[in-house]
Protein chains: 4
Amino acid sequence: MNFPEHITIDKHTIKIVPRYSETDQGRVVHHSVYPVYFEMGRTELLRVNKVAYKDLEEAGVFFVVAELKIRYRKPARYDEHLLLETRCIDVKETRIEHGYKLTRESDNAVIAEGTSVLACVGPDGKLRRIPDFMFYEDKKQTV
Amino acid sequence: MNFPEHITIDKHTIKIVPRYSETDQGRVVHHSVYPVYFEMGRTELLRVNKVAYKDLEEAGVFFVVAELKIRYRKPARYDEHLLLETRCIDVKETRIEHGYKLTRESDNAVIAEGTSVLACVGPDGKLRRIPDFMFYEDKKQTV
Amino acid sequence: MNFPEHITIDKHTIKIVPRYSETDQGRVVHHSVYPVYFEMGRTELLRVNKVAYKDLEEAGVFFVVAELKIRYRKPARYDEHLLLETRCIDVKETRIEHGYKLTRESDNAVIAEGTSVLACVGPDGKLRRIPDFMFYEDKKQTV
Amino acid sequence: MNFPEHITIDKHTIKIVPRYSETDQGRVVHHSVYPVYFEMGRTELLRVNKVAYKDLEEAGVFFVVAELKIRYRKPARYDEHLLLETRCIDVKETRIEHGYKLTRESDNAVIAEGTSVLACVGPDGKLRRIPDFMFYEDKKQTV
């Protein structure tokens, strides 16, 4: 696998357009879909750092969600344009913390905010150290 | 694994109560949820035959959906009681065909009907013969 | 609609058996499915109190998720038996707080814990007071 | 609402990248996700015709899936690039038929093919005639 020397970008924004199947009969995006969006945000934050999560898994590095917090501010609706900003907040020995901000593109209204903690595990499901290249060089890190 | 000598039951009915998250903003169960229900029907048809699909996978026997046909007759709604009848129609060398009938318990209205063809594959994803015990003894089968 | 005079039961446990479609390629239940389970827990906690959430919506009373926190302890797996305990922790003027504990039936291992805050809104999406009958009589409540 | 005089484009291709949450423990995209992709294909085919499905619903025109057929040829995998071609095959008084072809971008392998029939209904859920502008001018149509 071809991984970069170091991850350097700690914030990235993607556009999300809710699918019809993601709505519920309350006419809004179901709250269980937001964790899926956040996961997409993490994947793309990795990708702008030249890392495909798929390749991490092939290299035996898995990230599993250990904690999730979401504050739902306003409903998201079918087919509207949303922006999801994903930031890497902290990288510790076996854990990565991310923050999320989902906004509506048309008026910048905040739809939701959240954080997650991922644990790094090996193919055996046991905690393992995060690969060196995933630590940001320019941050004081609590490793 | 402990598998029965032969599968004997070829039809089974389960109750399904649509979840809120399964509805869409049209106020009905989204059409992509029906294949999930059908899969549950197959799992329970196996189980009344004393076979857990989980154990089949552990024994290296996987069933993947090769064909699916659904006719949607009437909308299914949140929290209503549905009955799903799953029948095994045919077992061939590497393929199993099932039929499905989803009805509303309150008035027997037919909500949907469908069929599926599953292919039996090994851990390598290649077609393999269906285990002997999954053929019905009392049917003329085109093996 | 036929609602009870008062809600009286504040804790209820349901059994959940993860569906195949709820797993991901990490061979565990995807973390976005837990909010769906929690919602099922709330629905059934209401039901043992003789309230169908469906009837609440028909009466113009909607509950939307405002906050969600989940701690994932151990992976949940396809077709295993899980127990979800849902407790009502607090009922305030326009908000209900619930706590969740998801355990594995075979060994009581804690799979996940969580809390949620629901806001009560009317058909217009605006905050409204929770119906009187949804306050527990025997609790000191901060209304 | 601002609808075009006539729909003119009858075929459109979109790129789809399977999400992690769409995979199952068989390490492939779960078969119930394909109908979601097909729906996305229809939405975008409409959009290149300057019609937002959202606007149709606001104008009281709903399309519900009446029939669905899918042939699954090869597994789709997490994060690979897929191309979905959606064609409008026929527009009848109250029904639209679409065809779908899902291919893998890297080698043009056919992942799945399918067809669907949508019925046009009003806000009351009853069949209604498809709006005039949704008939293709240049096709002999069986209206």
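Predicted model: local features only at pLDDT ≥ 70, side-chain atom pairs only at ≥ 80, totals over all residues.
How many salt bridges does the count give between chain A and chain C? The count is 2 salt bridges.

## Chain A with chain C: extent

The contact between these chains joins 17 residues of chain A to 17 residues of chain C. The buried area is about 1600 Å², and carbon and sulfur atoms give 53% of that area. On the chain A side, the residues that lose the most area to chain C are H31(A), L68(A) and Y72(A); together they account for 29% of what that side buries.

Strand 2 of chain A and strand 2 of chain C (residues 62-72) run antiparallel and are joined by 5 bridges. Within this pairing, R71(A) has E67(C) as its bridge partner in strand 2 of chain C. A salt bridge links the side chains of E67(A) and R71(C), with an N to O distance of 3.4 Å.

Between chain A and chain C, 10 residue pairs are in polar contact, both residues being at pLDDT 80 or more. The side of chain A that touches chain C draws at least two residues from each of helix 1 (34-48) and strand 2 (62-72) of chain A. Strand 2 of chain A provides the largest share, 8 residues. Sorted by class, this side of chain A comprises 7 nonpolar, 4 polar and 6 charged residues.

## Chain B with chain C: extent

Here 18 residues from chain B and 18 residues from chain C take part in the contact. The area buried between chain B and chain C is about 1600 Å², with 41% coming from carbon and sulfur atoms.

## Chain B with chain C: polar interactions and composition

The count for chain B and chain C is 4 salt bridges. One salt bridge is formed by R47(B) and D79(C), whose closest N and O atoms lie 2.8 Å apart. The interface of chain B and chain C also has 8 residue pairs in polar contact, with both residues at pLDDT 80 or more.

On the side of chain B that touches chain C, helix 1 (34-48) and helix 2 (53-58) of chain B each contribute at least two residues. Helix 1 of chain B supplies the largest share of that side, with 6 residues. By class, the side of chain B that touches chain C contains 7 nonpolar, 2 polar and 9 charged residues.

How values were computed:
Residues numbered from 1 in each chain as written. Chains lettered and ligands numbered in written order. Heavy atoms only, no water. Contact = heavy atoms within 4.5 Å. Buried area = accessible area lost by both parts, 1.4 Å probe. Polar contact = N/O pair within 3.5 Å; in protein donor to acceptor, adjacent residues only side chain to side chain. Helix = DSSP H or I, 4+ residues; strand = E, 2+ residues; numbered from the N terminus. Nonpolar A, V, L, I, M, F, W, Y, C, P; charged D, E, K, R; others polar. Pairing = 2+ DSSP bridges.
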